[in-house]
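Please look over the sequence and the structure shown here. The paragraphs after them go through a few parts of the chain in turn.

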Amino acid sequence: MNRLPLLLILLYFFILNASTLHAQDATVHGVVRDSIGKPLEAVSISINGEPGGAISDQKGKYEIKIAPYRDIILIFSYLGFTTEKVHLRLKPGEDKLLDIRLISTVHDFQSITVEAIRPGDLTIIRIEPRTIEQLPNVSGNFESFLKTMPGVVSNNELSSNYSVRGGSFDENLVYVNDVEIYRPFLVRSGQQEGLSFINPDLVADISFSSGGFSAQYGDKMSSVLDIKYRTPKKFTGSANASLMGGSLHLEGASKNDKFTWLTGVRHRSNQFLLKKLDTQGEYKPRFTDVQTILNYKISKKTDISFLGNYSSNQFKVIPSTRQTEFGSINEALRFTVFFEGQEIDQYNTGTGAITLTHQVNDSVKLKFIGSAFYSREKEFFDVLGQYFLDELERDLGSSEFGNIAFNRGVGGFLDHARNELEAFVRTASHIGTYRSKNHQWQWGLKAQIETIHDELDEWQYRDSADYSVPHPDDNPGQNGNPNQQIILNNVVKSKINLNSNRFNAYIQNTWNLDRISFTIGVRGAYWDLNEELNISPRASVSWKPKWSKRLSLRAATGLYYQPPFYREMRNLEGKINRNIESQKTIHFVLGSDYQFLAWGREFKLTSEVYYKKMDNLIPYKLDNTRIRYLAKNNASGYATGLDFRINGEFVNGIESWVSMGILKTVEDIKDDGYFRYYNASGEEIIKGYTFDEVATDSLKVTPGDIPRPTDQRITFSMFFQDYLPKNPTVRMHLNLVFGTGLPFGPPGPDRYKDILRGPSYRRVDIGFSKIAIDEDGENKSRIPVIRNLKSLIFSIEVFNLLQVSNTISYSWITDISGRQYGIPNYLTSRILNFKMQTKF
């Protein structure tokens, strides 16, 4: 039954992309030149709304066939130049000469410095923000597009968390306008998370590196996401609305362009979405975010800007019932729970930054940044549950097929938490750039003060077989019998106050030769809590061979330290390890970019092979989006793999891409393992779980390399866009993500048990849009309100089109025989969303 939507998609692709035969009686030919008359090679010439096209040769010459008696728009496009559109209607057999001049879009203004792609960032992928505006996105978070990038793993559509090339969620750097962004600490599931910091309506430039990044980027081990917000030129804005929330952004500039402002407001409620989860109840999520960027030009060479953000994410749920069916055709099970109680979570965060920029001269640019991050988080819940584990009738010939055959076990639980956290991070930094003819020097200094106050009070009670059984204590009761105690599970009670200071600095130099670019840099970091000093050298090189203008090769390596932040320091019992040290990894990256022509259009194939040697690792357990560290530097490991990405106009005029990754990441924990015990006959009689136990007839087992929690061996993703050939304003946007299963295991601190594999993550989101007013076209509406709109788009989105029940985590229970069951916690099911987007 779930195959029907897939067949419809395949049929849609077949019909939409089928070749059509028509008379080719008219010809357009000519030469494409730049503004000074120099011929331009590889200019794309296409017919608006139709597949195919032509490319100009080395002399700028082109030729294209078109159907007669049709009004068409011929489009000439070339990177770095204006796009030229020509309206034509030709007769059969007509041979039209059409020479075109394209104007360069690179301008030199006295008071503006235009920075091209920074040569030091050889591993950076850049994305045009307009490309992802129509990406079907169930969470509403900007980071969702990263799941379609090579090397990126994320198995939770509700969360903005992601892992890169075997790293954890905490190993990724995020910058907005050169300010490092922090996340809330207590979030344990995607449905609680709310809105991430980055506002898509404000973004001007997207840069992403999945490894081998230069010394200018900070002290994390996996990736960098570098975002630049827009600098407004005039008053404009946008508004978006859907069944799950909306956003509004306004921007403008003063008449003399000295003062500019950019403001965005977002509100979202996932209540409509969460009703589709297995756990039914009253969900009340409310997520609100306000951001502003103010900039004032003090002089032609100096300006000052302010970046401010306030975010309020509130999540409340009063669960009532849950029913989850799982297992196989040979063992079909049903897990039913009746709840009492509620959960109330609140995460309020604020970020502020002031940046002073001074252009000393044409060669030297200086920035001074002061920023602060504040987070106040509360996590309160008391949830009581009574559950039943039943086996279902699996005989297809029985009238009771699918009904309960017999009960496997009953039990109850009580989850309690009163957790509060307050974090305050202040930074002062300086960034400088010096450019000469073939060199670019970059340097930076940063000082950071961190204050964290955390109060933890949480425990679980499990009234299940082998979980909570009364235990006698050493004190006799009134009748002379030992008192009976109930033992709670996962008890965490602590109060933590942490104050520390960090200092770091970097310097790097990039120089360009004829076809080779080198970047060499070094980064240093010091943390006064453990008095640790780290030195991180990094280097990269790129080469464009003479024998191929379309090929570029690159290599990068470097030593990357990640000093622990608060979460890495806190173990499962809520205690802080103040002597913990930085994790470290060495990156080796080889990559290439190859541009090629297909269907008369230009495509780019990006490929990278990498190896990361990791030491001093801090092992962790992953539960939904919650990372629980063991707070010891007692592991080493590696990650290796291949990443590929092809992007271009698979359909003429709109960009799509396909990414694929192959990964293996493992770690070896030094002091893990267990004993196997045997009787006199050599038969195994019991399993111990710790080296602390001693036995005469036992065998010590050391697991060795085990998969890291993010070991997703194969990933495939695709963002594909298409439109109706005779009506390009009707478009389709497909987002497909696939990943093989991640490791998991039962609760507890023993990482070597986490070698089970969950099911593959499979998700298809699709959207259909109608462009009522085209941003690149002319608004001919006679209605005054609509006439002032630059664009207007209506969309219908189907999330989880194939109705796949993806698993994010497991709840563990034990039946009367002592057998443990991992009950899958499923993510969202299929849901329909309506959306409207407009710019004015």
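A salt bridge is a side-chain nitrogen of Lys or Arg within 4 Å of a carboxyl oxygen of Asp or Glu. The model is predicted, so local features need pLDDT of at least 70 and side-chain atom pairs count only at pLDDT 80 or more, while totals for chains, interfaces and linings use all residues. Residues are numbered from 1 along each chain as its sequence is written, and side-chain values use heavy atoms, with hydrogens and water left out.

Side chains of opposite charge can pair when their charged atoms come close. The structure holds 36 salt bridges. One of them joins the side chains of E391 and R408, at 2.6 Å from N to O. This pair links distant parts of the chain, with E391 in strand β22 (residues 364–392) and R408 in strand β23 (residues 404–435), 17 residues apart. Strands (E, at least two residues) and helices (H or I, at least four residues) are DSSP runs, numbered from the N terminus. E391 and R408 are both buried. Buried means under 20% relative accessible area, exposed means over 50%, and partly exposed is in between, with a 1.4 Å probe and protein chains only.

A second salt bridge is formed by R570 and D454, whose closest N and O atoms are 2.7 Å apart. Here too distant parts of the chain are linked: R570 is in the loop between α4 (566–569) and β31 (583–598), D454 is in strand β24 (residues 439–463), and the two are 116 residues apart. R570 counts as buried because its relative accessibility is 17%. D454 counts as buried as well, at 0% relative accessibility.

What is the N to O distance in the salt bridge between the side chains of R165 and D643? The distance is 2.8 Å. R165 lies in the loop between β11 (163–164) and β12 (172–176), and D643 lies in strand β35 (residues 635–651), so the pair ties together parts that are 478 residues apart in sequence. R165 has 2% relative accessibility and therefore counts as buried. D643, at 3% relative accessibility, also counts as buried.

S154 lies in the loop between β10 (152–153) and β11, and it counts as buried because its relative accessibility is 8%. Apart from neighbours within four places in sequence, S154 is in contact (heavy atoms within 4.5 Å) with K147, N161, Y162 and Y761. The side chain of S154 reaches the backbone oxygen of N161 at 3.2 Å.

Next comes a sheet. Strands of a sheet pair through backbone hydrogen bonds, either parallel or antiparallel. In this open sheet, four strands stand in the order β3-β2-β5-β6, with antiparallel pairing. The edge strands, each pairing on one side only, are β3 (54–55) and β6 (84–88). Two strands pair if DSSP finds at least two bridges between them. Strand β2 (residues 44–47) is joined to β3 by two bridges, and to strand β5 (residues 72–77) by four. On the β5 side, S46 stands opposite I75. Both faces of β2 are covered, with S44 and S46 buried on one side and I45 and I47 buried on the other.

Another serine, S247, lies in strand β17 (residues 245–253). S247 counts as buried because its relative accessibility is 14%. Its side chain makes a polar contact with the side chain of D201 at 2.9 Å. A polar contact is a pair of N or O atoms within 3.5 Å; within protein, one must be able to donate a hydrogen and the other to accept it, and residues adjacent in sequence count only if both atoms are side-chain atoms. Leaving aside neighbours within four places in sequence, the residues in contact with S247 include S238, N240 and R266.

Finally, consider the strand β20 (302–328). I304 lies in β20 and counts as partly exposed, because its relative accessibility is 32%.
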